[in-house]
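The structure is shown first.

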Amino acid sequence: LADRFVEGTCPHPTCGYNDARGDQCDKCQRLINATDLVNPRCKICGDSPTIKSSKHIFVDLTKLQGQVTEWFDKSAAVGDWSSNSKNITSTWLRDGLKPRCITRDLKWGTPVPLEGFTEKVFYVWYDAPIGYLSITANYTEEWEK
């Protein structure tokens, strides 16, 4: 199961939200792993999922912590960020950025063109932002603004 199809109770003691997803909790806004959920269940059938080992590609966001924090502090001060966006981002930065998996074991999506990963696809939230920039660049000459 992809992490979005696993739901359960948020593992963080101060939260305990019963419908947290396998990638994040919508109540406390923390990023979580499906294997950390308490009483995990399949969103489709309700059964308890079986954990299987799988090799994936990660982006090591810990290496970007300083740069992202600096950019966020400046951008949030002068930009038009919603309070929700500021709160979520502040929480992620406060708790420390963590390596994030950018591949999924799914049959649909953009295939990973790397030996050993050809049966995997890129996680949509990894490859979609690149598409947003590309399509914008195709529709306006002022896309860098």
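Asp95 is partly exposed at 35% relative accessible area, where partly exposed lies between buried (under 20%) and exposed (over 50%), with a 1.4 Å probe and protein chains only. The model is predicted: local features need pLDDT of at least 70, side-chain atom pairs count only at pLDDT 80 or more, and totals for chains, interfaces and linings use all residues. Residues are numbered from 1 along each chain as its sequence is written, and side-chain values use heavy atoms, with hydrogens and water left out.

**Salt bridges**

- The structure holds nine salt bridges, each a side-chain nitrogen of Lys or Arg within 4 Å of a carboxyl oxygen of Asp or Glu.
- Asp95 pairs with Arg30 in a salt bridge (4.0 Å, N to O).
- This pair links distant parts of the chain, 65 residues apart: Arg30 is in the loop between E2 and E3, and Asp95 is in helix H2 (residues 83-95). Helices (H or I, at least four residues) and strands (E, at least two) are DSSP runs, numbered from the N terminus.
- Arg30 is buried at 19% relative accessibility.
- Besides Asp95, Arg30 touches His12, Thr14, Gln24, Cys25 and Arg94, not counting residues up to four places away in sequence; contact means heavy atoms within 4.5 Å.
- Glu7 and Arg41 also meet through their side chains in a salt bridge (4.0 Å, N to O). Glu7 sits in strand E1 (residues 6-9) and Arg41 in strand E3, 34 residues apart.
- Glu7 is buried at 14%, while Arg41 is partly exposed at 25%.
- Salt bridges link Glu7, Asp19, Arg41 and Lys43 in a network.
- In helix H1 (residues 65-78), Lys74 and Glu70 are four residues apart, about one turn of the helix; their closest N and O atoms are 3.3 Å apart in a salt bridge.

**Cysteines and core**

- There are zero disulfides, a disulfide being a pair of cysteine sulfur atoms within 2.5 Å.
- The Cys10 sulfur has its closest cysteine sulfur in Cys28, and at 3.8 Å this is too far for a bond.
- Cys25 is likewise in no disulfide, with the sulfur of Cys15 nearest at 3.6 Å.
- Cys10 is buried at 3% and Cys25 at 0%.
- The largest nonpolar core has eight residues: Val6, Cys10, Cys15, Ala20, Cys25, Cys28, Ile32 and Leu37. Such a core is a set of buried Ala, Val, Leu, Ile, Met, Phe, Trp, Tyr and Cys residues joined through side-chain atoms within 4.5 Å.
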